[in-house]
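This briefing covers surface patches, aromatic rings and backbone geometry, in that order. Please look over the sequence and the model before reading the points below.

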Amino acid sequence: MKLYPHGDTVPVDVVVQSLVVNGEEWNLGGYLDIGIVDTMKDLMVNFVGAVVFSIFGVIYLKNRGKGRLASSLIPKVRDSEEKQG
């Protein structure tokens, strides 16, 4: 989209003939949207991370915080006596 000073937007179709990324030619058939591929990869990695940390959270809650791994990842607020000592 190209923005004009008047605030109007005018869509312009651009035909992609070829694309070279890091020296490798990509044949996308005239459609170019690299951002969506990268975003979907990011979302999948975030999903896997959320599942892993959710599992840690469930284990932590089931063991009432007795485990060392999950409790080491969770910050704790110290009392004023512990801060001074």
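Helices (H or I, at least four residues) and strands (E, at least two) are DSSP runs, numbered from the N terminus. This is a predicted model: local features need pLDDT of at least 70, side-chain atom pairs count only at pLDDT 80 or more, and totals for chains, interfaces and linings use all residues. Residues are numbered from 1 along each chain as its sequence is written, and side-chain values use heavy atoms, with hydrogens and water left out.

**Nonpolar surface patch**

- Patches are made of residues with over 30% relative accessible area and no salt bridge, with like charges joined within 9 Å and nonpolar side chains (Val, Leu, Ile, Met, Phe, Trp, Tyr) within 5 Å.
- A salt bridge here is a side-chain nitrogen of Lys or Arg within 4 Å of a carboxyl oxygen of Asp or Glu.
- Accessible areas come from the Shrake-Rupley method with a 1.4 Å probe, and for residues only the protein chains shown count as cover.
- Phe47, Val48, Val51, Val52, Phe53, Ile55, Ile59, Leu69, Leu73 and Ile74 make up a nonpolar patch on the surface, together having about 920 Å² of accessible area.
- Helix 1 (34-62) and helix 2 (68-73) each contribute at least two residues to the patch.
- Helix 1 provides the largest share, seven residues.
- Ile74 sits in the loop between helix 2 and helix 3 (80-84).
- Ile74 has a relative accessible area of 37% and is therefore partly exposed (buried means under 20%, exposed over 50%, partly exposed in between; 1.4 Å probe, protein chains only).

**Aromatic pair**

- Rings of Phe, Tyr and Trp (its six-membered ring) pair if their centres lie within 6.5 Å; planes under 30 degrees apart count as stacked, over 60 as edge-to-face and the rest as tilted.
- The structure contains one aromatic pair.
- Phe53 and Phe56 form this tilted pair, at 6.0 Å centre to centre and 55° between the planes.
- Both Phe53 and Phe56 belong to helix 1, where they are three residues apart, about one turn of the helix.
- Phe53 counts as exposed because its relative accessibility is 56%, whereas Phe56, at 27%, counts as partly exposed.

**Backbone at Asn22**

- Asn22 lies in the loop between strand 3 (19-21) and strand 4 (24-26).
- Phi of Asn22 is near 55°, a positive value in a residue other than glycine.
- Asn22 is exposed, at a relative accessible area of 80%.
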